[in-house]
Amino acid sequence: MSLLQRLEMRQGQALVMTPQLLQAIKLLQLSQLDLSAYVDAELERNPLLERAESEGESEREAPEASGDGEYDGGDGPEAETWLGSEMTQSRSEIEGDLDTRLDNVFADENPTPRENGTGDMLSLTPAPYGNAGGSFDGELPDFEATLTAETSLREHLAAQLDLATQNPSDRLIGSFLIDAVDDAGYLREDIDGVAERLGASLDDVARILKLVQTFDPPGVAARDLAECLAIQLREQDRFDPAMQALVSRLDLVAKRDFPALRRLCGVDDEDLVEMLAEIRRLDPKPGRAFGAHAVEVLVPDVFVRPAPDGSWLVELNSEALPRVLVNQSYYARVSKGAVADGDKAFLSECLQTANWLTRSLEQRARTILKVATEIVRQQDAFFLHGVAHLRPLNLKTVAEAIGMHESTVSRVTSNKSIGTSRGTLEMKYFFTAAIPGAAGAASHSSESVRHRIKQLVDAEASDVLSDDALVQRLRDEGIDIARRTVAKYRESLRIPSSIERRREKMATAVR
């Protein structure tokens, strides 16, 4: 066996994942919030990048200066009135125009306007800006000191603990238990573990827990839903033996097994209905009233609106697109002064990164618009008639129509939404599985089938439709669907079973 060295030439294709390509792929699948955070980080890191001004900001111009260096207020009578150094009106005339006394207009600490012997105003000089805010050191007022902050659940409970006990050890245990209460108001720590970690007795931890459970809001620091409801009922003096039995079997309440609940509680139908009504009036999450976070509105990436010719106009949401520019003039000015090789390399890297970022953002916007336009074309019946006319659609269909890969379409539709006249919907909403049609009919979208099941259940009167009855109704409408699929769709819509719905209707009839 001999070893030989030789030169060979081969031709092949290979995909090289350059950093720029990875950046473009990453930007494609980012949501609006993540993209804004990414662009902000690049703006801080790269001195050649700058945020593009919006149309409103670009139209604003700085005030022009007059020849003597003072602000030119313009021509006309208004300018003469406001720029005049003297005011010819008397105090009584000014008070008549303002319909109030000048003492009410100016703050008490401001100097009182002076008059000469004829009653003309000599000066109307306001107090310094710092004095207007109550500060006498000449600094601007601290507006942050006047802002209000929401009280968290922990702070609310800690304030009550300070008033409830003065014992240091009890306060330590109480603070630990309060820290273990989640946003919903439930205790998520086992008291055995708390006692072991604090080196306290189990009786002391249980005693302090009972104390914390008496705090506002009622039901806080409960370990489960039954205990939370029991605490609230005790405070209302309604935790009698019948109610105690009802709270102990919340599983029967969820199943709406009213005959079993009547036997368990030893009450008739009327008393059971009243007890269930009391349970519904209680708060299952007592901590949600504190520290509520602001609801984030889903901002659409694309808007769809009807065109005059009956088609659809698809346009990007310009407010959601970060606009950045490359400052070429700054690069040219700085590069002239760069002498060291490290400085030149840094500027070159910044310029290359800035150019790639702007191109990636433009490519991202074009790709989103292209995919959204094809989705609207495929689902035009939905935009005209609603969910019932939603068609089955998958990523492959859209990818083949626009000449892209399925993975690209998947990245584009992730974390993106479309604003329509029927609300703001995620792009993934328009991709649904196909349910075959009966007797060779056209297939149906799974989302439209869910919508139809909800319509049939909502239209129930005295007769409650079982899953088999729903299957038959759907097959009569040309939808070939299995019973287990109907049950799965019903559960995803949080629709109870036919037995539970029938029990609920019987309880409503008794009520």
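Guide: Let's start at Gly310, which takes a positive phi near 95° in the hairpin of E4 and E5, where 5 residues sit between the strands. The model is predicted, so to speak of local features pLDDT must be at least 70, and side-chain atom pairs count only at 80 or more, while totals for chains, interfaces and linings use all residues. Residues are numbered from 1 along each chain as its sequence is written, and side-chain values use heavy atoms, without hydrogens and water.

Strand E4 (residues 302-306) and strand E5 (residues 312-316) run antiparallel, joined by 5 bridges; strands are DSSP runs of E with at least two residues, helices runs of H or I with at least four, and pairing takes at least two bridges. Pro306 has Trp312 in E5 as its bridge partner.

From E5, which spans residues 312-316, Leu316 leads on to the largest cavity, whose lining also includes Gln32, Asp301 and Arg364. This cavity has a volume of about 40 Å³. A cavity is a set of points on a 1 Å grid over the protein atoms alone where a 1.4 Å probe fits but cannot get out, and lining residues have an atom within 4 Å of a point.

For comparison with the glycine, consider two other positive phi values. Ala221, not a glycine, has a phi of about 65° in the loop between H11 and H12, and at 0% relative accessibility counts as buried (under 20%). Arg256 has a phi near 60° in the loop between helix H14 (250-255) and helix H15 (258-265).

Technical notes: On a 1 Å grid over the protein atoms alone, a cavity is a set of points where a 1.4 Å probe fits but cannot get out, and a pocket is an open set with protein on both sides within 12 Å along at least five of seven lines; lining residues have an atom within 4 Å of a point. Grid points are joined across faces, edges and corners, and a volume is the space filled by probe spheres set on the points. Buried means under 20% relative accessible area, exposed over 50%, partly exposed in between (1.4 Å probe, protein chains only).
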